[in-house]
Amino acid sequence: MSNSAPQAASTRATSDPEIAVELADVTFGYDLRTILEGITMSIPRGKVVAIMGGSGCGKTTILRLIGGQLKPRSGRVLVAGQSVPDLDREALYEMRRRIGMLFQFGALFTDMTVYENIAFAMREHTDLPEELVRDLVLMKLHAVGLRGAAQLKPSELSGGMARRVALARAIALDPMLVMYDEPFAGLDPISLGVVGQLIRRLNDALGITSVVVTHDVYESLKIVDYLYFVSEGRIVAQGTPAEVRASGEAYVRQFVDGQPDGPVPFHYPAQPYGDALLVHA
Amino acid sequence: MPSTLAAGMGQFLRRVGAGTARFIGRLGFAARFFVAVLAHSPGAFRRIQLTLREIYFSGALSLVIILVSGLFVGMVLALQGYDVLQRYGADESLGVLVALSLVRELGPVVAGLLFASRAGSAMTAEIGLMKATEQLSAMEMMAVDPLARVVAPRFWGGVVSMPLLASLFSTLGIFGAYLVGVKLIDIDAGAFWGNMQAAVDFRQDIVNGIIKSFVFGCAVSLIAVFEGYDANPTAEGVSSATTRTVVESSLAILALDFVLTVFMFRGVGV
């Protein structure tokens, strides 16, 4: 630890140990296109927080900023008090070992069995004897109810099962933070409920912090502690599930009630309809 | 009229300039990628089973196409060669003709082309699909560098496999020529093998052939892993990356073959 002390001094920018992830006035973009603007959020330890918004609003980008895969143009991104953009490669990899991530469609390694997928990080990062790895893998699989599927290949799993395996893989190294990128996308109602409950239960049982990026408002309202709504790269609303349900804000209402038109227009910007059809008065 | 011509010329020049700049940019990126792969190679060697697995996939699984093609190329070479040689009463030199053609040129080049289309395209498609399905991102997020875990073992698997495959290609080709020349056409077996043994030089012919196939192996493997890693993460992106691998590898093999041949056989009648 002693050799990382100067680094820690320069990158440690918050002292609140109760905050797992903090974004302060974060702006991000590619070339001329701005994706995120002025994003400020803090995610307390032990909570499940949802980041919601329509497709392409920059939700996943927030996860990539937290994971250090992207660097913000400006603003601070802190994970457990460490400034992620300032970490060197080694420190970043060290931090990522304490973060689990579930990708949108699982992103399981297709050339490995379910068992090997979950053992992957343990084998890469630890010198645990194979018997211990086996026990740990079976425990993780048991937690998601798929101990019996250990020897299957990812191609033999249903969408919901693949998502649960990816969840088991995300918690393989007992992380302090798990990020979920669209965990509910493309799931049947039963799998949806199972995955939702797993996120909540694992969060509470293992004492982790969860960030769920999703557009499934119905499912997230059941399991999360707090929600942020992102639209066109900005946070437009936030609150607890009860506040969100009671909210009269136009964007939140459109999102929660699933209305096709509202603050988020139905039509992509275009020239006037009449001009396009060459209708002249 | 002249102004339209000037505008057309301007547009043409702009397009050529943009294309050239893009090409040079990609070349620079590929060079940096190559250095990064080399830098991550010690890690891949430390866990040798990863590289052995890739040697199995790109080498052992390419054996059938390489061996069968080698056999047929040798047999055709013997038929064609005999037809010409016997006109000059030199049919006993058939073994020399076949062996030198295969060991110096056809072995490395044809095996390289087959390797590019069989193993190179598979490498690109696999890495490209891993990227498209976020497996590479997942690996990065698990603090495992895909360059060390995925790319370097595949690169070295290809580099090791290629000279072995080219040698086997030449060997089977010579055996095919033996079947046609000696068993079918009835050339004297002693003359066939004896002339070959006298004319083929180990250093000048065989070692140079192996060097060529090693260079082709490096080129094909680098192109394959680079195209896969650089592919657009969509179905279309992966398919065009796979096509690019085969086209670029084939051109690289033929161009490098010319350059290497010029250097290697400088003193031998060139």
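In helix α4 of chain A, the buried residues are Val114(A), Asn117(A), Ile118(A), Ala119(A), Phe120(A) and Ala121(A); a residue is termed buried if 20 or more other C-beta atoms, placed from the backbone, lie within 10 Å of its own. The structure is a predicted model, in which local features need pLDDT of at least 70, side-chain atom pairs count only at pLDDT 80 or more, and totals for chains, interfaces and linings use all residues. Residues are numbered from 1 along each chain as its sequence is written, while chains are lettered from A and ligands numbered from 1 in the order in which they are written. Helices (H or I, at least four residues) and strands (E, at least two) are DSSP runs, numbered from the N terminus. The cover over the buried residues of α4(A) includes α5 (130-143) and α6 (159-170) of chain A.

Between the chains, 15 residues of chain A are in contact with ten residues of chain B, contact meaning that the C-beta atoms of two residues, placed from the backbone, lie within 7 Å. On the side of chain A that touches chain B, two or more residues come from each of α3 (89-96), β6 (99-102) and α4 (114-125) of chain A. The most is given by α4(A), with four residues.

Elsewhere in chain A, strands β9 (residues 226-231) and β10 (residues 234-239) pair in the antiparallel sense over five bridges; pairing requires at least two DSSP bridges between two strands. Val230(A) has Ile235(A) of β10(A) as its bridge partner. Two residues lie between the strands of this hairpin, in which Glu232(A) adopts a positive phi near 50°.

Technical notes. Buried ≥ 20, exposed ≤ 12 C-beta atoms within 10 Å, placed from the backbone.
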